[in-house]
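The stops below are given in the order in which they may be selected.

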Amino acid sequence: MKSRYGTVDAVGVSERVAKFAMRSIKGVSKTWGLRKVVSMMDLTTLEGKDTPGKVAALCRKAITPHVEMDLPHVAAACVYPAMVTYARTCLTGSPVRVASVATAFPAGQSPWRLRIEEVRRALAQGADEIDMVINRGAFLCGEGGRVQEEIATVAEVCGSATLKVILEVSELETLDNIRAASFLAMEVLRPGDFIKTSTGKTSSNATLETHQVMIEAIRDYFLATGVPVGMKPAGGIRTAKQSLQFLVAVKETLGDAWLVPTRYRFGASSLLNDVLRQLEKERVGAYPASYGFSESESAY
Amino acid sequence: MTHRSPIRKTPKCYSGGNFIRSESARVYPIRHDNLAVHIPQCSRKDVRNAVEAAAKSASTWQNRSGYNRGQILYRLAEMLEARHAELREAVAWGAGRRDVSPDTEVSASIDMIVHFAGWCDKFEQCLGSVNPVASSHFCFTVNEPLGVCAVIAPESRPLIGLLGLILPLITGGNPVVALASGKRPYPAILLGEMLATSDLPGGVVNLLTGFHKDLLPTLASHGTIRGLLASVSTDEAREIQLAAAESVKRVHFIPEEETASPSPAQALRLISQFLELKTVWHPLGA
């Protein structure tokens, strides 16, 4: 697989991404970037303690991130399959899309028929987007073909719905593997589908390094085939500053064409409040308290 | 060995449990004999980082028992005592006041820490109450810490003035972001090293150095900071009050003379100014 898709220069990648963290983005550019981040966000709640009420609150925040600032709505609300029906009720009539994780998220270690059935159920209940997990066990066994077949089947079941393929980079061991898995997925994806870094449920999450390997794979695939595949980093992106660094990476690797919600998303839960906090700081000139924002962990 | 190169210390601030130089990478010199010591000139961003660290440590510090907080403050006194001579020398550097000897100032600082260490598990007995009510309820009032607080130390009396403002706040369970004397910051640099070895959880006391005029507006307007205790000029006090209004911060000012060695009654009043009362009505019987 490695020889087929090429290898990654690990030192080069870490040198490259170190530069992204050194850009000074302030004032008007910062505000522009953060508004962009809001519009690209998949506002997520994936917890065992999710309730219909919590999902409803999340959806309201997805439509109107902040009452006093004139902000775009987020791209999608991302929930577990059992919560899709509630999210659909809240978001019908709004431009915010309903995304659901499926295929036995986060481990993917369930019988194949159950995994695919989960996709069908989520779609039937109104999901616009499906975030699937790949079979990492099969991938590490060298059964790349099987992984690819599974992705192709899910893409077929999705029909007009958008598919995002979670590689779970923290379990792929090497950067070469991440590149290979990216290509495996992209070869069977349709234009407008996404590849995604992580589930957010493992010890390590989306880093600028793994993100860079994936967007370079997207660039190389686009140059070879002309098929644009979207990118979604997820997990561990909690601060506005981090999110701007990811945007810099995208702009300097894939270009402006990818700085749109149809080609780039952030999967995050607490990021939105930090972005709002920074935007509010730019607006009023003083740092606001984090507990002043709804759904915040330290809210009253 | 006949000759050793002198090994000089890089002055660093103690913030978020780490020894930092300013994010701005700027320093300013203070002179001592023929030497210049380069003190970090902290920026607004350093204030913001310190506030985040303080907010993160709030629950840890608040949930320590009063007894444990007292033990930790006593340990801080032990740390200062062991470095009495070094602190004395730092306080003596260009000391503006001649009426207090550096030796007296350091000793008084240490004694004041022990005084507040004692208060940690006692202020609740003095400030809490069981309230008489005309119904079948057990009604009582307890004191809880206000939250992240800021301290702006007086320009003179660089050690005891700073400690006199920090101690009542941490005694009550509040994490603190403190701005040391701008003109005489060196004792605060040393104090940071002692705080780090005193079992105080990281982020509970964050000591920044720099120019007061740069940082006052940020400290006063930051929404996460719930209280502010300062020993400043009348003009600065006005500036602070205006900036603090938007976030309805609790602001108290204290004359420089009163920052040192308060009486027990004064100490208790200072502690109580940064506590929040919680009253509970508990039903009695069936």
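Begin by selecting A:Asp220 and A:Arg219, whose side chains form a salt bridge with an N to O distance of 3.4 Å. The model is a predicted one.

Next, move to chain B and select B:Arg250 with B:Glu276. Their side chains meet in a salt bridge, at 3.2 Å from N to O. B:Arg250 belongs to strand β11 (residues 250-253) of chain B and B:Glu276 to strand β12 (residues 275-283) of chain B, so this pair ties together parts lying 26 residues apart in sequence. The relative accessible area is 26% for B:Arg250, which is partly exposed, and 38% for B:Glu276, which is likewise partly exposed.

Return to chain A and select A:Asp42, A:Arg97, A:Glu129, A:Asp131, A:Lys164, A:Lys196, A:Lys232 and A:Arg265. Salt bridges with shared partners join these residues into one network. Over all chains, the whole structure holds 42 salt bridges.

One further pair in chain A deserves a selection: A:Glu117 and A:Arg121. Their closest N and O atoms are 3.8 Å apart, and the two residues form a salt bridge. A:Glu117 is partly exposed, with 34% relative accessibility, whereas A:Arg121 is exposed at 55%.

From helix α6, proceed to A:Ala104, in the loop between β3 (97-102) and α6 of chain A. Is A:Ala104 buried or exposed? Its relative accessibility is 15%, so A:Ala104 counts as buried, the cut-off being under 20%. Display its surroundings: leaving aside residues up to four places away in sequence, A:Ala104 touches A:Gln109, A:Ser110, A:Arg115, A:Glu118 and A:Val133. A distance may also be drawn from the C-alpha atom of A:Ala104 to that of A:Leu114, ten residues away along the chain; the separation is 7.8 Å.

For the second largest pocket, select A:Glu280, A:Pro288, A:Ala289, A:Gly292 and A:Phe293, which lie nearest its centre among the 21 lining residues. The volume of this pocket is about 510 Å³. Helix α12 (residues 271-284) of chain A contributes the most to the lining, with three residues. Colouring the lining of this second largest pocket by class gives ten nonpolar, seven polar and four charged residues.

Finally, consider the cavities, of which the whole structure has three of 30 Å³ or more. For the second largest cavity, select its lining: B:Lys12, B:Cys13, B:Tyr14, B:Ala180, B:Ala188, B:Ile189, B:Leu207, B:Leu208 and B:Thr209. The elements of chain B giving two or more residues to this lining are β1 (13-15), α7 (186-196) and β9 (205-208). The volume of the second largest cavity is about 40 Å³. Which classes of residue make up the lining of this cavity? Seven residues are nonpolar, one is polar and one is charged.

Conventions: Residues are numbered from 1 along each chain as its sequence is written. Chains are lettered from A and ligands numbered from 1 in the order in which they are written. This is a predicted model: local features need pLDDT of at least 70, side-chain atom pairs count only at pLDDT 80 or more; totals for chains, interfaces and linings use all residues. Side-chain values use heavy atoms; hydrogens and water are left out. A salt bridge is a side-chain nitrogen of Lys or Arg within 4 Å of a carboxyl oxygen of Asp or Glu. Buried means under 20% relative accessible area, exposed over 50%, partly exposed in between (1.4 Å probe, protein chains only). Helices (H or I, at least four residues) and strands (E, at least two) are DSSP runs, numbered from the N terminus. On a 1 Å grid over the protein atoms alone, a cavity is a set of points where a 1.4 Å probe fits but cannot get out, and a pocket is an open set with protein on both sides within 12 Å along at least five of seven lines; lining residues have an atom within 4 Å of a point. Grid points are joined across faces, edges and corners, and a volume is the space filled by probe spheres set on the points. Ala, Val, Leu, Ile, Met, Phe, Trp, Tyr, Cys and Pro count as nonpolar, Asp, Glu, Lys and Arg as charged, and the others, Gly among them, as polar. Contact means heavy atoms within 4.5 Å.
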